[in-house]
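The report below is meant to be read alongside the sequence and the coordinates.

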Amino acid sequence: MAAWNWSSKKDAYRLFIKRQRRNLPFLKRRPRSSRNLLRNRHLRRPNRRNPTRPKRKRMMTINISRRRPPREESMSDNVVTRIAPSPSGFLHVGTARTAIFNYLFARHNDGKLLFRMEDTDPERSKEEWKEAIINAMKWLKLDWDGEIIYQSQRIDIYKEYALKLQELGNAYYCYCTPDELEAKRKKALEAKEFVGYDRKCLHLSEERRQELDAKGVPKALRIKTPHEGLASFSDIVGGDLTRDYLEMDDWVIMRSDGRCTYNFCCVVDDHLMGITHVIRGNDHIINTFRQCTVYDRFGWDRPNFAHIPLILGKDRSKISKRHGAVSVMDYDTQGILPEAMFNFLSLLGWAPGDDREIMTRQELIDAFTLERVTGANPIFDPVKLEWMNAEYIRNMDDNEILDRVRWVMIDAGLTTRLSVEAHWHWMLQVVRLLKERVKTLRDFPTQARYFFTDEYEYDEKGERKHFSDSAVIALLIALRDEFSGLSDGFGEDEIEKALRSLAERLEMKPAKLIHPTRLALTGLTGGPGLFELMHVLGKEKCIARLDRAIEYLEEKFS
RNA sequence: GUCCCCAUCGUCUAGUGGCCUAGGACAUCGCCCUUUCACGGCGAAAGCACGGGUUCGACUCCCGUUGGGGACGCCA
């Protein structure tokens, strides 16, 4: 088959170069440059912008390395993706983003999104984390298909498959002690050599093995990894990825206590669950090389892989639950809307290709393809998230906002559950005045404080600006009288008319009256339009607060 | 250290060899609107990491340098 020849020649060449480097000390001194000999990008990654490589050849590469039909065909298959968090902490933004990509891809292709809890480590898995992760998934409305699969309930299945692999002759027992291995690892690391298992127990004689078994020495099961050639797989984001088998070792698939390890369980489950597309962070690329060995040793078809770039923090290192948790639910408490979070996260490492940024879930689903996923790791920018959040709040229905923000208001001690229900309509007016001015739901209680309580101080700067002259007292008195004389109601128009006509009579700019009034009524220098907020506050409160300010100022200037 | 991945404004990104004098968004700054704050409108500043090569022509393809990230467990 021509395709096979073409690809294997290239593989052989790359392998040759790699070996050359290994054997030639003068090349070894320049690892970077010699390594880059291998960077025949056109061999690895179909370039979107300038595909010099004929398409026919590209498809052949995919054929040989993936042993699957080319992507164009597999797309029409029933897509099954999965999200597989490990409950060793809250759902953090990186995992959430991976979940979103899996979700979008599945929904775009009318496929399924499965949920698997990777809770095989009893030391680190906690029930409360599982619950927290599920809640966070629900918060983002990442609805998955079917029941959640818990790996902790499937340990017998993994063991069964591990033993099967051993029977097949593709795995062998290792009697080395963890201490022994740790010492070797340390030594290799110090000698700056390849760190990996030396296959000591692969060559154990049958007698020796029986001897050790008789003694009851604990044994782990290791998979037989090919000793030479190139490991390779085709990645939808990264193109053809290769690695020398010399750089890989016979890793443990089953621990001495009979529990299987992550990379093994993962493959068994992905196979059994019928996963067609494995979409995960690119920190898993090395795992994928390992996992491919399992697929191959079992003779199973490999799924399609897509390794998406990692989200980085401000310091450019991976946002990780191990170094300071960045939980999605932290953003909930910060007053970020799940819709905004979803939108924002989906735009990290992916873009629709046009200028759209604010997109509904359906628009995201319609536009999402893995081919458009970027290769570079994006940095999480909370400032832009806030902007997007503000955008969502501004465009959201008032009732919807109030429904979500009422708990924040109650938490802040500004109101009570009963009061919200009793004054729903009035609260809506407050929301309407503030929704243009907040970035998060948390901003509501701080900006709406004066609507709920008389306990506020006058802003320091504002006081210097508008309360610095005793002449302001007379103005406030005049205004108070003007307002209390209003008999046709206390609507915005009446208030505005009253204030402006007073200003006219006093031959001064309305602003001269407006600013001190705002300070008197709210304690602030900014906020909604004065006439609007006075209307919402009500005549009685306005008069009382003007009186309070007059009193305060009289004392101040006496 | 070894291996793997990546590289366009400060940040997220568009870019499929000529439509690029590089487009959009956030942030920043200015102006306008305006009773303030915000919103909105208009505008400015800001980027193809560097060096070679291929080509009539390179942000785009190739090689290298540099820089960044990740992985190197009987964790997941």
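Leaving aside neighbours within four places in sequence, F451 is in contact with W426, V430, L433, L533, V536 and L537. These contacts, like everything that follows, come from a predicted model rather than from an experiment. F451 belongs to the largest nonpolar core, which has 110 residues, and together with M341, F380 and F483 it touches the most other members of that core. The largest share of this core, nine residues, is supplied by α7. Apart from it lies another core, made up of 43 residues, among them L241, I253, F289 and F305. As a general background, nonpolar side chains in soluble globular proteins tend to be buried together.

Chain A contains 27 helices and ten strands, and buried residues make up 49% of its 558 residues. The chain exposes about 28,600 Å², of which carbon and sulfur atoms supply 49%. Among contacts between residues at least 6 apart in sequence, 75% join residues at least 24 apart.

Strand β2, at residues 112-117, is mostly covered, since five of its six residues are buried. β1, at residues 80-83, pairs with β2 over four bridges in the parallel sense, and R82 has L114 in β2 as its bridge partner.

| Strand pair | Sense | Bridges | A bridge pair |
|---|---|---|---|
| β1 and β2 | parallel | four | R82 and L114 |
| β6 and β7 | antiparallel | six | S234 and D240 |

One of the bridge pairs sets S234 against D240 in β7. Six of the six residues of β6 (residues 230-235) are buried, so this strand is largely enclosed by the rest of the structure. The cover extends to both faces of β6, with L230, S232 and S234 buried on one side and A231, F233 and D235 buried on the other.

A loop residue, T261, lies between β8 (252-254) and α12 (262-272). Is T261 buried or exposed? With a relative accessible area of 14%, T261 falls under the 20% cut-off, and it is therefore counted as buried. Not counting residues up to four places away in sequence, T261 touches W251, V252, I253 and R255.

Helix α25, at residues 510-522, has 13 residues and reaches 18 Å from its first C-alpha to its last, close to the 18 Å expected at 1.5 Å a residue. Its buried residues are L513, I514, P516, T517, R518, L519, A520, L521 and T522, and the buried residues of α25 pack against α21 (443-452), α22 (460-466), α23 (471-484), α24 (492-505), α26 (530-537) and α27 (539-557).

The residue that follows α25 is G523, whose phi is positive, near 80°. G523 is placed in the loop between α25 and α26, and at 1% relative accessibility it counts as buried. Neighbours within four places in sequence left aside, G523 is in contact with Y456, E457, Y458, D459 and R518. The C-alpha atoms of G523 and E463 are separated by 8.8 Å, although these residues are 60 apart along the chain.

Definitions and conventions
Residues are numbered from 1 along each chain as its sequence is written. Chains are lettered from A and ligands numbered from 1 in the order in which they are written. This is a predicted model: local features need pLDDT of at least 70, side-chain atom pairs count only at pLDDT 80 or more; totals for chains, interfaces and linings use all residues. Side-chain values use heavy atoms; hydrogens and water are left out. Buried means under 20% relative accessible area, exposed over 50%, partly exposed in between (1.4 Å probe, protein chains only). Helices (H or I, at least four residues) and strands (E, at least two) are DSSP runs, numbered from the N terminus. Two strands pair if DSSP finds at least two bridges between them. Contact means heavy atoms within 4.5 Å. Accessible areas come from the Shrake-Rupley method with a 1.4 Å probe; for residues, only the protein chains shown count as cover. The expected span of a helix is 1.5 Å times one less than its number of residues. A nonpolar core is a set of buried Ala, Val, Leu, Ile, Met, Phe, Trp, Tyr and Cys residues joined through side-chain atoms within 4.5 Å.
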